[in-house]
Each structure stands twice: as C-alpha cells, then as structure tokens.
Amino acid sequence: MSEFEPKIVAFFCNWCTYGAADLAGVSRLEYPPNFRVVRLPCTGRLNPKFILEAFKRGADGVWVSGCHPGDCHYIAGNYYARRKFIVMHYMLDSIGLEADRLRFSWISSAEATKFQHMATDVVEHVRACGPNLKFRKAPLILGMEEVA
Amino acid sequence: MPSLEETTQKIRETAKKALADGKAEVVIGYKKGTYPLSTAPFFARTPEDCDQLIWSNFARINLANYLPGRPGKVAVVAKGCDARSIVGQVAENQFHKDNLYVIGVPCTGMVDNNLIAAKEQRPYRDYSETLDTITLKGADFSTEIKKEEVLRRNCRTCANRTPKTADELVGPEVPGAQADDFADLKELHSKSPEERMEYFKDLIKDCLRCYACRNACPLCYCPVCFVDETRPQWLGKSTDPMDTLTFHLLRGLHCAGRCTSCGACETACPVNIKVREFNRITEETVMDEWGYEAGLSWEQKPPLTVFQPDDEASFIK
Amino acid sequence: MFNPYLPYPVRIAEIRVETEDKNLRTFKFEFLDPDDENKFAYMPGQFAELSVPGQGEIPIGIASSPSEKGHVLFTVNRVGQVSSYMHNMKKDDIMGIRGPLGHPYPLDTLQGKNLLIIAGGFAVTTLRSTIIWLLEPENRPNYGKITFVYGARTPGLLLYKDEWMAWDKRDDIDVFVTIDREVPDWNYRVGFVPAVTKEVCPAPENTAALICGPPIMIKFTQPVLEEAGYTPDSIIMSLENRMKCGLGICGRCNVGPEYVCKDGPVFTLAQLNQLPKEY
Amino acid sequence: MPEYIVEENALKDFLQSISKGRVLLSPQGVGDKCQITETTPDKVTLNFTNTHISPKTLFFPQTEWLMSFQKDHSKPHPYVYQDLGDKAKSAVVFGIRPCDAKGLSVSNKVFQNDRFTDPYWKGKYESVIKVGLACKDPFPQCFCVAMGGSPYGATGLDVLAFPSEKGLGLKPITDEGAKLLAEANLKEADLSSELKSQEEAAIKAQGIPDDYSPIDHRGLLNLFQDPQWQSIAENCLNCGVCTFICPTCHCFDIQDEENSEGGVRMRNWDTCMSWLFTVHGTGHNPRPSKTERVRQRFMHKLKYIPMKQNGDRGCTGCGRCVVLCPVNIDIRSVALRMSTLNMQKQA
C-alpha cells in the first residue's frame with residue numbers, strides 16, 4: 001500500500017509567504033507538493049470559517065502563514081491576526097483537533113529556505129496524524145449501487 | 001438582602017421616575033410569566049405599565065438583547081451579566097450610551113428549570129418564590145426547594161453579581177463568587193484529543209439547528225449571520241455533525257472576548273445543550289492571555305480589537 | 001407511487017441570450033425520455049422547478065406553449081445561485097425540470113371574451129406562452145379581440161423580439177410595444193405601460209385583463225384598469241414568492257391561507273383583495 | 001366496536017403480540033431526553049409526561065435525504081436525480097399522546113393535500129399503526145380542550161389506550177386498529193362508561209377552557225391588520241424554537257449538497273421565524289420584520305389552517321411552545337388576544 005499523501009490547504013499572505021513559495025520554486029528548492037494554496041491579502045483576512053471549511057471538506061491539514069510581526073504590509077493586520085489565531089488555536093485544540101493538523105507560521109518573502117523546511121515539516125506532521133476522518137463532513141451516500 | 005417584593009417595588013419606582021424624568025420612553029423589564037417558573041420581557045411605557053414590572057428568580061433572559069437598533073431613549077433592567085453585555089454593545093456601537101438608562105439589580109442568581117424538573121417530577125400548577133426558596137404546589141403536595149441547589153451553572157460561579165456600570169442600583173451590592181478559576185474546564189483539558197472530540201460531538205448531537213442560542217444572545221446582532229449566508233453558503237443545513245459543530249465553534253469564536261456568561265443561550269436552548277461550553281473555552285483564553293473579562297468598565301477595549309506588539313504566541317512557528 | 005419531488009431529466013438543446021445586458025437567457029430543453037413530455041402536460045401560466053443537480057431548484061414560468069411540441073422553453077434571469085450556475089451551463093448539459101406546477105390562466109373560462117394582455121419586463125414569459133397558444137388556428141376563433149401591451153425600459157431589454165414583431169404584422173392581434181424613453185431607430189411606442197394601457201385598452205365589457213410584471217408596473221396599471229371600468233374578477237394576475245417544494249407543503253410562499261405554488265400563481269384581483277399583501 | 005382490557009402483568013405479552021413482524025416504537029427516556037424510539041416490550045413505560053419535542057420526527061425527520069445523483073459519465077444516468085427510495089418500516093407506536101396524534105393528522109392533510117401527495121411522508125405515516133395513550137391527569141402546560149381536542153381524543157389514532165381500574169383499557173378507533181386488537185387475543189370488556197367518566201374528569205381537570213371561537217368568525221384581513229401584532233412581536237427573539245418542537249409545524253427547506261462524485265437533495269426543518277425563509281432572489285422580502293413573521297406563525301395555526309381544514313386548528317394544545325419559549329410568548333394569550341373583538345371594528 002502506498003504511503004498516505006495528506007491534502008493540505010494553505011492560506012498564505014500575498015506579501016510574504018506567497019512570495020517565499022515563489023522564491024523557493026525559482027531557487028529550485030524542493031518541497032512537497034501536498035498544498036492547495038489560497039492567497040490572502042493579509043492574514044488579518046483569515047476568517048475561522050475558512051479553516052473549518054477546509055477541514056469540513058476533507059483537508060487533512062491546514063497551514064496559515066503570514067508576515068513576521070511588525071512587517072505587515074498594512075501596518076498591523078498580522079498583529080490583529082495573531083490575537084485571532086490565539087483564540088482559534090485554543091478553541092480547536094480544546095475541542096480535540098490534533099495539534100499537528102493546524103500550523104501557523106511567519107515566513108517573509110525572503111525566507112525561501114524557511115519555507116522549504118516548514119513545508120516539509122507540516123507535511124510530515126500531518127502525515128503522522130493520518131487521514132482526517134473525524135473533523136470532516138460525513139460522506140454523501142449516493143445509493144447508486146442499488147439504482148445502477 | 002432586600003426581598004423579591006422589595007426589589008420589585010424599587011424597580012417600579014425607578015422605572016416610573018425614569019419615564020417621568022424623560023430619561024427613557026420605554027422601560028424594558030420583566031413581568032410575571034403565564035406559565036409556572038417563568039417571566040416574560042415587558043416593555044413599560046406608562047406609569048401603569050410599570051406596576052407590572054417584577055423581580056424574580058426566573059428573570060433569566062438577557063434584556064440587552066432588545067437594545068441594538070432600537071430607536072429612542074431606553075431604560076433597561078439589568079443583572080450583573082446583562083449590564084456587562086450592554087457595555088459590550090455600547091463599545092461595539094450598537095447602542096448609544098446617551099440614550100440608555102441602566103437600572104441595575106444586584107442579583108443572587110437565576111434558577112435553572114431543568115434542575116427543578118429533576119427534583120420534582122410531579123405536575124405542579126402553581127408556585128411561589130422568595131429570594132432563597134422556590135415552592136411548587138401540586139394537587140396534593142407542596143415542595144420547597146432551596147434556590148442555591150438549583151442555580152444556573154453560570155450563576156454559581158458568577159463573580160460580578162452587582163451591575164457596577166448601571167446608572168442606578170436598586171439594592172445593596174452583593175458579593176460575587178470567587179474569581180473564576182475555570183474549574184469546569186479542568187476535566188476537559190485532562191482528556192485526550194479523541195475524548196474531547198467525542199465529548200463535543202456528543203454534547204451537540206441533539207441540536208435542532210434552530211439557532212435559538214444565537215437569537216437569544218445579546219451580542220449576536222449581525223444583520224446577516226454566517227449561518228444565513230448563501231453565496232457562498234458556509235454551513236450545510238442538515239444534521240451533519242460537522243456542520244453542527246462548525247456552527248457552535250464559530251458562534252463561540254465570534255463571542256470571544258465579548259461573552260459575559262449571561263447564560264441566555266443555554267436558557268433558550270430547547271434541547272438543553274450546554275452551548276456555553278464553547279464560550280467557556282474562549283473566555284478562558286482571553287483571561288489567560290490578556291487578563292480580560294468582558295464588560296466590566298466603559299473604558300476597556302475588547303481584546304480582539306487591540307493588540308500588543310509583544311503578544312505571546314509560541315505556537316506560531 | 002408518483003414522486004412529485006423527482007425532476008424529469010432534460011438536455012439543454014439550445015441557449016439564447018435574450019437581452020443586451022446578457023442577464024436573461026432562454027433555455028430550450030428536450031426530455032431525455034420522450035414519455036416524460038406527455039407527463040409534463042401543461043397550460044399557459046403554469047410554472048416548473050428547474051433543477052440543477054447539486055445546486056438546487058428555481059421556480060420559473062413556462063415560456064413555451066403546449067402547442068409547441070418536442071421541447072419546453074424557460075427564460076431565466078441571473079439572480080441567485082442556481083440561475084447564475086445555469087447561465088454558465090452549456091448546450092447538451094443535463095439537468096432536470098419538475099412540474100408542471102400551479103394553475104394556468106383560466107383560458108377555458110375566458111372563451112368568447114376579448115383579452116387585454118399586459119406584460120412588463122421579463123415577466124412576459126408565461127404571457128408569450130399564452131399568446132402563442134391563443135394564436136393557434138384551433139384556438140383563435142374561440143376568443144374575441146386580443147390586445148397585447150408590452151413594455152420594457154430599453155429596446156435591448158425586450159424579450160422575444162422576432163416573435164412580437166411577427167405578431168405586430170398580423171391582423172388578429174393588436175400589439176403595442178413600448179419603452180420608457182425615446183431612442184434612435186425605434187419605430188414603436190414610447191411611454192410607461194400604464195399610460196399606453198390607458199390609451200389602448202378595450203372597453204371593459206366582455207373583456208379580461210391578464211397582467212404580469214414588476215410590482216411597480218402593477219401598482220400603476222391596476223388603477224388605470226379600474227378607472228376604465230374593469231371589475232376585480234376580470235383582472236387576472238400572476239404572483240411570485242420564494243418557493244421550495246412547489247407542492248403547497250413547505251410553507252414559505254403562502255399568502256394568507258393560499259399557497260402561491262399550489263393554489264396560484266394565477267389569482268384574480270377579486271381574490272387578492274381578500275388576501276394579505278404578503279407578496 | 002368492543003373495548004378490550006389488558007391486565008397490568010399482561011402488558012408485555014400484549015406489546016409482544018402487536019409488535020410481531022413490526023418495529024415497536026414507544027417513548028423512552030425521561031425529561032428533556034424523552035423521545036419516541038425503537039424499543040422492546042419490556043422497556044415500555046406508561047409513566048411519562050410527553051415526549052420533549054414532538055413525535056413528528058417519526059414521519060418527518062429533521063434531515064431527510066430525498067434523492068441522489070452521480071457525476072460519472074461512464075456510469076448510467078449521470079447528473080440525473082434518482083429517488084433514494086422509501087425507507088418506511090412497518091411499525092406500531094405505543095404511547096403517542098392524543099394532542100400529538102391530532103397534530104400529525106393536521107400535517108397529514110398538508111403532506112397529502114388536494115393536489116399532491118408527498119411520498120416520503122405518506123410512506124412513513126401510513127406504515128405506522130398509532131396506539132395513543134390518553135392523559136388521565138393533565139399537565140400544567142396542557143390546553144387541548146381549549147383547542148377543540150380532548151385528553152382522550154381519538155383523531156389520528158388507530159387505537160386509544162387508557163388506564164382503567166382493571167389494567168389498560170383499549171378502544172379500537174379505525175379498522176386497522178380493530179384488526180390489530182382482534183389478532184392480539186385480548187379479553188373483551190365494556191369500558192364505555194368508565195371511559196366516558198374518565199374523559200369528563202380529565203377535561204374538567206384542565207379548568208374552564210378559553211374560548212377561541214371568535215377567531216373563526218373574525219375576517220381574515222381584520223385579524224391580519226390588527227395593530228396588536230406589533231406588541232405581541234415586541235418580545236419575540238425570532239428564535240424559532242416554537243416551530244421546531246411543534247407537532248403541526250411542517251415547513252421545510254430543500255437543499256442540495258454535492259462532492260466530486262455526485263450529490264444529494266435533502267430536506268431540513270425550516271422555520272417561518274427566519275428572515276431567510278421568504279426572502280426573494282431580488283432581496284425583496286414579503287415578511288421583512290419579526291412582526292410579520294410572528295403574525296404568520298399564529299395566523300397560520302389559528303386562522304389559515306382552520307380555513308383550509310374545515311375548522312381544525314393548527315394548534316392542538318400540547319403546550320411545548322408554552323414551556324420552551326425563552327421569552328414566554330404564550331399561544332394561549334395570543335389566541336385570546338386574537339379572539340378579542342373590540343380591538344378594531346369587525347370587518
């Protein structure tokens with residue numbers, strides 16, 4: 001049986017981590033291809049429902065990454081985001097989401113190597129958690145077996 | 001402590017005075033309910049109306065809920081928790097402080113009817129209450145229940161029973177319980193992630209998705225709630241456990257740093273889900289992280305609307 | 001057991017963009033199972049639920065006439081989730097239609113009468129169906145004079161241009177098409193529907209008016225007709241409300257005790273005067 | 001038809017007998033957990049108030065999948081909805097209360113109306129034999145008598161069971177009920193006089209009922225335009241609890257859900273208290289504020305349904321909304337206010 005390949009939804013800030021991913025690619029730094037990236041104007045735009053929606057639709061992990069505190073393109077977006085992340089993080093942890101499925105990080109657009117390492121790390125941690133079976137919607141039973 | 005009757009009398013006098021002095025066009029208070037162990041919100045507009053206002057151990061619903069968007073000058077009867085909600089609404093520009101007159105009632109806690117139902121299953125048609133006891137009267141029995149045994153969960157640990165931000169208090173201050181140590185969450189935190197998820201999925205399994213918890217909440221005033229958004233539709237409307245859990249999680253998160261533990265959501269829930277469990281988690285977070293309790297003063301800023309450059313978040317890599 | 005919730009599968013045979021703002025498209029459907037066409041026996045004024053698998057359903061008036069065999073037509077305005085999705089569908093895509101639902105215009109009881117047909121904007125759909133049906137050689141002799149008033153804001157927002165232009169050339173129907181404001185190369189009328197109606201409406205004796213249009217048009221046309229002497233039971237209107245089941249069960253489209261889907265959508269003004277204005 | 005008697009120690013055998021080849025459904029659990037569920041004869045109890053939320057869930061679940069489709073063009077019928085079939089099981093429900101049975105019979109006339117039959121409801125409703133349990137002692141929330149019912153009412157039931165001096169009395173109501181009892185080998189007994197006196201006592205115990213008949217005589221528009229709706233609605237939170245727990249509320253929403261392989265169409269309970277319920281695609285809303293929505297609920301129950309169902313009301317007095325409304329909007333007071341003719345001159 002082939003090894004489980006996790007599906008990870010990544011929310012990247014347009015001004016930093018998204019650029020870092022770009023730079024990593026241009027620099028031919030190899031990192032795992034398990035991400036579906038959603039580009040945000042700022043991590044301040046991240047609504048908790050985005051994370052829940054990703055898990056609900058079957059993502060095995062979610063990775064949110066933005067600019068280092070103090071470096072926000074919009075002055076303070078990520079400071080507010082940080083407080084939101086704190087509340088979100090404890091909430092999801094408290095209701096029993098495995099901590100390794102949800103990752104927050106700060107990666108600037110110059111940090112291609114950090115991006116590479118972080119990407120590998122996220123995938124390995126999510127892989128260790130196994131497929132997301134509990135924190136997703138129940139599959140639709142189409143009942144086609146009998147019909148066909 | 002003044003008796004319920006004395007408090008009732010004082011509320012009526014204060015309400016009449018507020019109307020007469022032009023501080024308010026309407027006084028929102030409680031009147032006796034039509035069913036045993038209940039009260040109804042009541043909108044008093046004349047001095048005669050004011051004589052229907054009462055104080056009771058069943059004044060559970062949070063009257064701050066009627067404030068957002070209401071035109072004109074309003075006086076409202078508020079317990080400690082309700083007054084805190086009002087502070088939150090004013091901070092969030094839902095109601096202008098100048099149009100508000102808060103009649104604060106130092107509160108010794110409200111009664112959970114489910115706990116009464118657990119103590120007395122026989123049908124009763126009448127009841128009486130004092131500040132400390134509830135007496136149920138059936139065809140051939142009369143049962144006296146001590147109020148402290150049937151207090152709501154949130155009232156048992158309430159540290160802010162006196163509405164200190166009120167414009168006028170109708171009784172002497174009452175001491176609150178010890179500062180909240182979140183003892184109720186200790187057991188939860190000792191569980192494994194699997195057990196925690198089981199616990200929460202079991203907690204909400206009876207959810208009817210009626211959203212009464214949202215509608216009863218004085219802080220849920222969004223013109224279009226996320227559950228009603230259709231493009232995109234964030235939330236499935238079926239009984240899928242994940243959709244239900246998402247609703248409760250997001251409701252909890254939206255109330256982070258705002259919830260005052262008034263218990264209106266749990267009171268409104270028709271199937272008695274402990275919906276406040278989600279709010280408790282965020283309450284604990286804002287307390288641990290920023291030492292914040294919602295609605296204690298007019299000056300404080302809700303924690304998610306401000307930041308410190310050095311906010312600690314070691315989980316962010 | 002017949003399941004009224006189950007749509008008949010149809011294929012999109014043709015999509016026509018109707019208006020210059022591209023917000024209205026006419027869909028021509030063919031039934032995958034030819035038998036379903038017989039089961040879908042309808043009369044002008046009825047509607048159907050267009051069902052896009054995975055997206056939902058929308059109630060839309062049937063624009064084709066039962067006399068047009070082999071297909072059914074629906075003109076859909078891009079408004080919500082389902083209609084927007086439909087606007088991105090292609091020829092030969094598979095979807096479903098469920099119906100016919102509601103009651104048709106009472107054309108059988110109107111036999112022998114003159115008909116004044118007033119349409120505004122894209123509400124003309126079921127009235128197109130009506131006119132096509134009325135102009136059939138076997139039906140036309142059963143009715144008196146037919147007057148058709150149709151208005152839209154601009155020429156580009158008028159539906160079914162080829163058809164009403166052809167009707168205009170016939171002598172068994174009087175066609176008055178109008179737009180709100182003068183534009184170059186416009187050879188028909190200019191002015192609002194109520195004003196045109198006032199000018200051209202036939203005598204109320206032995207005449208019935210069928211009206212379908214936006215609320216604002218109905219609000220101002222109704223007094224014109226009443227002034228001209230039309231009685232409330234000779235003014236026939238078609239309502240719309242949000243619907244889901246279309247079967248008089250799910251409870252959202254009711255106007256007082258009447259369900260628009262099951263008991264309507266066609267009501268006379270006399271009936272509506274007895275009902276609350278919850279539409 | 002004769003009545004039958006089941007002695008207390010024979011109750012289990014009786015239940016065994018009527019549930020032969022059928023599923024046995026009966027109220028289980030106490031307090032807010034009390035609900036009609038599948039059970040076995042030994043677990044059946046007569047000692048309960050009523051189910052916490054109405055038993056409409058039996059025939060009209062909160063979420064019900066109606067049909068499904070698949071997207072694979074190499075398989076038959078891509079993108080064509082197929083009926084998910086009737087999941088109805090032959091069953092007997094023991095212990096449904098008369099108010100609920102009557103309420104469900106009101107919904108039955110909506111689901112099987114003059115033009116359409118809802119197959120999902122019909123299948124379930126008609127495959128369940130309903131043995132009702134009369135209410136000897138009314139509960140404080142009960143007002144079935146005022147709503148034109150009785151604690152011993154038989155509407156919507158196949159058999160009415162009632163506590164008799166000698167055990168459990170059983171009165172067949174429909175032919176199906178008579179057949180069920182005839183096959184159960186029971187002792188016949190003439191209980192008609194006992195039944196009559198019990199019913200009279202139970203009705204009396206509810207006190208002098210309010211008279212809501214003026215609602216039937218008031219004009220529709222006169223009631224609709226009554227200015228007091230504003231003050232009735234003032235308290236309302238629009239939470240919809242009253243509609244979800246009500247035995248006659250039957251409104252639903254139809255939703256599609258899909259994934260990469262296919263999708264299902266389902267229906268979920270909905271409530272007229274929600275603004276989303278009636279809003280048009282254009283944004284126009286025929287019931288834009290809570291006043292209209294509150295009015296809709298009470299008018300529907302107390303005026304519209306009686307107009308359509310020969311005077312039968314859409315409220316049967318089970319009292320759940322009275323108990324569970326968080327702001328104590330009591331349908332009895334509302335009905336009384338609707339009955340007050342002097343609010344406005346009669347239409």
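User: What share of the 347 residues of chain D count as buried?

Analyst: This is a predicted model, where local features need pLDDT of at least 70, side-chain atom pairs count only at pLDDT 80 or more, and totals for chains, interfaces and linings use all residues. Residues are numbered from 1 along each chain as its sequence is written, and chains are lettered from A and ligands numbered from 1 in the order in which they are written. A residue is buried if 20 or more other C-beta atoms, placed from the backbone, lie within 10 Å of its own. In chain D the buried share is 50%.

User: Why does chain D count as being as compact as a globular protein of that length?

Analyst: Chain D holds 12 helices and 12 strands. These are DSSP runs, with helices H or I of at least four residues and strands E of at least two, numbered from the N terminus. The globule rule is 2.2 Å times the number of residues to the power 0.38, and the radius of gyration is taken over C-alpha atoms. Chain D counts as that compact because the rule gives 20 Å for 347 residues and its radius of gyration is close to that, at 22 Å.

User: Which element gives the most to the side of chain A that touches chain B?

Analyst: Two residues are in contact if their C-beta atoms, placed from the backbone, lie within 7 Å. By that test, 35 residues of chain A meet 30 residues of chain B. Elements giving two or more residues to the chain A side are α2 (48–56), α3 (77–94) and β4 (102–106) of chain A. The top contributor, with 13 residues, is α3(A).

User: Which strand supplies the largest share of the side of chain B that touches chain D?

Analyst: Here 32 residues of chain B are in contact with 33 residues of chain D. Elements that each supply at least two residues include α4 (113–119) and β6 (124–129) of chain B. The largest share is four residues, and it comes from β2(B).

User: Which residue in β2(A) stands opposite F12(A)?

Analyst: Strand β1 (residues 8–13) of chain A runs parallel to β2(A). Six bridges join the two. Opposite F12(A) stands R39(A).

Notes: Buried ≥ 20, exposed ≤ 12 C-beta atoms within 10 Å, placed from the backbone. Pairing = 2+ DSSP bridges.
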